[in-house]
Amino acid sequence: MSDWKNNFIKLKAVRGWLFDVYPSGPSEVTVWIITENGERVKLFDKFIHRIYVSGNLSDLKSLAEKIRDSKSIAGWRFVEKYADFMEASKKKVLEIDMSDYSRASFFARKILRMGGYEKFRLYNVDVPVAQAYLYEKDIFPLARVMVVDSGNRLSYDILDSVENCEYDIPPFRSVRLDVNIKAESALKRLTDKIDSVSLEYGNKTILISEGSEEDKILELVKTIKEEDPDLICTHGGDSFFFPYLAYRAFVNGVLDRFVLSRENVPLKAKKTGGRTFFSYGRVYHKAPMRRLYGRVHIDVDNTFIYTACGLEGLVEVSRTCRVPLHISARASIGSIMSSLQLYTAWKDEILIPWKKREPESFKSAWELLVADRGGFVFEPKLGFHIDVIEVDFASMFPVLMLTRNISAETVLCKCCPSSKLRVPELGYNICVKRRGIVPKTLDLLLRKRFRYKSLMGEVADEGRRYAYDMRQAALKWILVTCFGYLGYRNARFGKVDAHIAVCAFARDALLKTSRMAEEHGFEVIHGIVDSLWLKKTGFSPKEVVEFCNEVSSAIGVPLNVEGKYRWIVFLPSKTLEGIPVLNRYYGVFENGKIKMRGIEARRGDTPNFINEAQIKVIKVLAKSLDFEDFLAKITIAFSVLREYAGRLTSSRISVQDLLITKRLSKCPSGYSHDVFQAIAAKQLEKAGFDVSAGRTVRYIIIDSKRRAAEQRVLAAELIKPKTPYDVQKYLDMLISSGETLLGVFGYTKDRIRQEVLSHEKQVVLS
């Protein structure tokens, strides 16, 4: 048989969805395909991970000679790439083929030492191999593809497009895994034995509870293998259940057989505790990833996108930003967004810097004062208002970045000093010769999001409408992050000057819009960054539409109507009397929809009991048609508060509804004052729980006036059936929530307390 016939026979074509990609050898990746006929097919592809070095050409040639015989590399050559994304021209760099992708960082540090940390700059070193593979092949997760396997090489025919908004998710097989533990105390420990394991497949539940602990573990492995799910969902799988199961398998001598992946790879019994990080003024804790191979593990307690936008949103960002599903399930929004920027740079032959070196441009004190001002706001006019509409710019910052070509390399570029495209107030020039990486990235995100919002109004099927809504919501989070990352110190393609430029354009847009509103006879009663609340007696819908169209045309950013309020109340500060707060109000639209910001019911640390009471009060007030009607319904609002106060004093409330949730900003020992969350955290730490900065603690207030701090609150995990609670403290919180809503009308805490607690069946507090 001829050679060409032998080669032809070796070819294998598979058609379906690209499900999973991960490195599986020094120069190899594994690819899993969900085929159209329901098979799960495993393929291998050869992939060389490459890093790049820039510097003086003579130094690079000398470096090439020195590393020629290194076992870390498989080859090298000189190529032309955009080594400095701030420059518009290519330069000659050294391209190095790594023999083992896992040695890339080690080898890169070695090169830096060889150049005295001054001669060389390195690129593409820490780009995740799976993502680099997707970029290089120009494919994306969950794309419909035709894959041709010719041995150790795969070729792809894309039957899909990343721009497609009407794709179907592959027919996933999913299971929800839960473990019941024979806990000997409130704290679940690795030493506690397994009671049972439950697996939920749609309407079917499999309970594994018979036999020894070893039998249960092996039965779990057998069931997973037989049912063969693609997605395994857990609550706390990353932080506890997977390490726990692996440890129990180790204790029972079956760790080598404890396989939950499609690959024959036992689950590792790692005890790493995750990481704590600081973001946007808050401390967060993230559990480490417990990786499966050929399947995707989704820990519902360790994922933002899946929790906020469901599977539809998770798939959307995975496809659009080219991040494997198992990574996007637990990565931060910024990391997911960065992947799309990396792909954009990769396809334009722009090298990705390993260590960011772009400093902020020098500014005098006066320039800093003018430049670093953030968004523009109009202080709200306190009190009750009618005839109010709320308008806001759709994706204002991303659209400004796109239409004004704002990116790190375009603001204050060296090639266009006389550019007519200038930043308002600051006069910074913006490049007109090339399009920045950030605008290129935003183009796809904005087009897709606007298309999804359009599709939501076109389809009648509720299921499709829900899917489109979740997808656009996921893209919204990515778009929000794009602006923040412009000023983030570690962003590969960010720079503070670009961040400042966006704020300047936004301030200019809001000021122009407010002037145009006044020209149309509207009064600006509040404005914040990209939204305005406008008041005008007897305005018509036609007037509003004409105004929005005029502004959209003048500013270049779509201005939409959020809605017309039946009434809205802007609230003052709780600490500074009579001082407005920028984002603190509640109101009801004409269609009956309630909107509230900055009050207890919107806070994550408010007990469910207080949350429920405040919302019920607002619903009573929401039925008001005018100010007189509103004032009349305050009496009914007091009856609601009186009802909830009665439930408090008669102990007719579940302890779970009184729990307060707080995020720790530091480790328990780091608190110098006995604040409630610190007390609860120290209780948990003493009981053996893993407590660190960034984690949340839940507690109930037992007696806030106790001299002994440890007796003031009790952590949720330590609560017993007859645990008491501080009635007076919770009553104070209830009354305070009432004052939040009604204080602007003269109802102080003392007055509300008298109204609420005057009933003969209530306890009068001194």
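**A chat about the model**

Modeller: Let's start with Lys81, which is buried, with a relative accessible area of 16%. Keep in mind that this is a predicted model.

Colleague: OK. Which residue does Lys81 form a salt bridge with?

Modeller: Its partner is Glu349, and the closest N and O atoms are 3.7 Å apart. The two come from distant parts of the chain, 268 residues apart: Lys81 sits in strand S5 (residues 73-81), while Glu349 is in the loop between helix H9 (333-347) and helix H10 (365-371).

Colleague: And Glu349, is that one buried or partly exposed?

Modeller: Glu349 is partly exposed, at a relative accessible area of 33%. Lys81, as I said, is buried.

Colleague: How many salt bridges does the structure hold?

Modeller: There are 50. One of them joins Asp138 and Arg322, with 3.4 Å between the closest N and O atoms. Asp138 is in the loop between helix H4 (129-137) and strand S8 (144-149), and Arg322 is in the loop between H7 and helix H8 (325-328), so this pair ties together parts that are 184 residues apart in sequence.

Colleague: Can you give me another pair?

Modeller: Lys574 and Glu600 form a salt bridge, their closest N and O atoms being 3.3 Å apart. These two also link distant parts of the chain, 26 residues apart: Lys574 is in the loop between strand S22 (559-572) and strand S23 (580-589), and Glu600 is in the loop between strand S24 (594-597) and helix H16 (608-621). Lys574 is partly exposed at 40% relative accessibility, whereas Glu600 is buried at 14%.

Colleague: Which residues are linked in a network of salt bridges?

Modeller: That network links Arg40, Arg173, Asp228, Asp230, Arg262 and Arg295. Asp228 turns up again as a contact of Thr223.

Colleague: Where does Thr223 lie?

Modeller: Thr223 is in helix H5 (residues 213-227). Thr223 is buried, with a relative accessible area of 5%. Setting aside neighbours within four places in sequence, Thr223 touches Leu199, Tyr201, Ile206, Ile208 and Asp228.

Colleague: Why is H7 called largely enclosed by the rest of the structure?

Modeller: Because 14 of its 17 residues are buried. Just after H7 comes Arg322, the partner of Asp138, and Arg322 takes a positive phi of about 60°.

Colleague: Changing topic: how many residues has the largest nonpolar core?

Modeller: It has 124 residues, and those with the most contacts inside it include Phe19, Tyr133, Met401 and Ile406. Helix H14 (residues 496-519) gives the most to this core, with 12 residues. Beyond its neighbours within four places in sequence, Ile406 is in contact with a list of residues, among them Met401, Ile430, Leu486, Val502 and Phe505. A second, separate core has 63 residues, including Ile599, Val713, Tyr725 and Ile735.

Colleague: What does Arg15 do in all this? I'd like its place and its contacts.

Modeller: Arg15 is in strand S1 (residues 12-25), and at 38% relative accessibility Arg15 is partly exposed. Apart from neighbours within four places in sequence, Arg15 is in contact with Thr35, Glu36, Arg144, Val145, Met146 and Leu159. Arg15 and Leu582 are 54 Å apart in space, C-alpha to C-alpha, and 567 residues apart in sequence.

Colleague: Last one: what pLDDT does the chain average?

Modeller: The average is 89, and 94% of the residues score at least 70. Over residues 1-9 the pLDDT stays under 50, and the model has 2 contacts beyond four places in sequence for that stretch. Residues 760-766 are also below 50, with 13 contacts beyond near neighbours in sequence. Where pLDDT is low, the predicted coordinates should not be read in detail.

Colleague: Great, thanks for the tour!

Methods: Residues numbered from 1 in each chain as written. Predicted model: local features only at pLDDT ≥ 70, side-chain atom pairs only at ≥ 80, totals over all residues. Heavy atoms only, no water. Buried < 20%, exposed > 50% of the residue type's maximum accessible area, 1.4 Å probe, protein only. Helix = DSSP H or I, 4+ residues; strand = E, 2+ residues; numbered from the N terminus. Contact = heavy atoms within 4.5 Å. Salt bridge = Lys/Arg side-chain N within 4 Å of Asp/Glu carboxyl O. Core = buried A, V, L, I, M, F, W, Y, C linked by side-chain atoms within 4.5 Å. pLDDT = per-residue confidence, 0-100.
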